Amino acid sequence: MVQDIKPDIVAATLACEEIRDSKKFAKLLELVLLVGNYLNSGTKNAQAVGFEISYLPKLTSTKDAENKTTLLHYLVDIIEEKFDDVLTFSEEVAHVDRASRVSLDSIQKTLKQMDSSVKNLEMDLKDLFV
């Protein structure tokens with residue numbers, strides 16, 4: 001059981017560490033925050049120090065006045081023009097692709113099975129030596 005889930009746990013752990021340590025990914029998120037703060041200037045959300053990750057999909061649904069360009073396209077244009085070094089952030093997060101296919105439910109299920117197996121083994125050993 002351990003052999004089955006170990007690669008998934010290792011991949012997820014490495015991906016988390018890579019994301020935490022990636023300077024380029026941090027810069028990308030900083031640019032998203034800056035654009036969001038600019039768009040929110042004059043509102044209660046102006047000058048936010050962060051945003052919830054769940055807001056990222058809104059980058060594709062927020063469009064310009066002509067309904068032609070999304071906020072994501074605008075961000076990409078800015079990054080390509082002024083921050084092209086950020087475009088290679090994926091090189092700093094090599095394990096994210098593998099980790100994205102890891103099933104947390106599957107890992108939790110296996111861990112519960114392992115816990116149950118260990119408890120059963122303890123009971124069997126107790127019964128054997130009592």
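Entry 1. I looked up the pair α1 (residues 2-21) and α6 (residues 104-129): their axes come within 10 Å and cross at roughly 145°. Helices here are DSSP runs (H or I, at least four residues), numbered from the N terminus; axes are lines fitted to C-alpha atoms over the stretch in contact, with angles from 0 to 180 degrees between N-to-C directions. This is a predicted model, in which local features need pLDDT of at least 70 and side-chain atom pairs count only at pLDDT 80 or more, while totals for chains, interfaces and linings use all residues. Residues are numbered from 1 along each chain as its sequence is written, and side-chain values use heavy atoms, leaving out hydrogens and water.

Entry 2. I listed the contacts (heavy atoms within 4.5 Å) of this pair: V2, I5, D8 and I9 in α1 meet I107, T110, L111 and M114 in α6. By class, I noted six nonpolar, one polar and one charged residues; Ala, Val, Leu, Ile, Met, Phe, Trp, Tyr, Cys and Pro count as nonpolar, Asp, Glu, Lys and Arg as charged, and the others, Gly among them, as polar.

Entry 3. I then examined I5, which lies in helix α1. I5 is buried, at 7% relative accessible area (buried means under 20%, with a 1.4 Å probe and protein chains only). Leaving aside residues up to four places away in sequence, I5 touches T110, L111 and M114. I also noted that the C-alpha atoms of I5 and S103 are separated by 9.9 Å, although 98 residues apart along the chain.

Methods. Helix = DSSP H or I, 4+ residues; strand = E, 2+ residues; numbered from the N terminus. Buried < 20%, exposed > 50% of the residue type's maximum accessible area, 1.4 Å probe, protein only.
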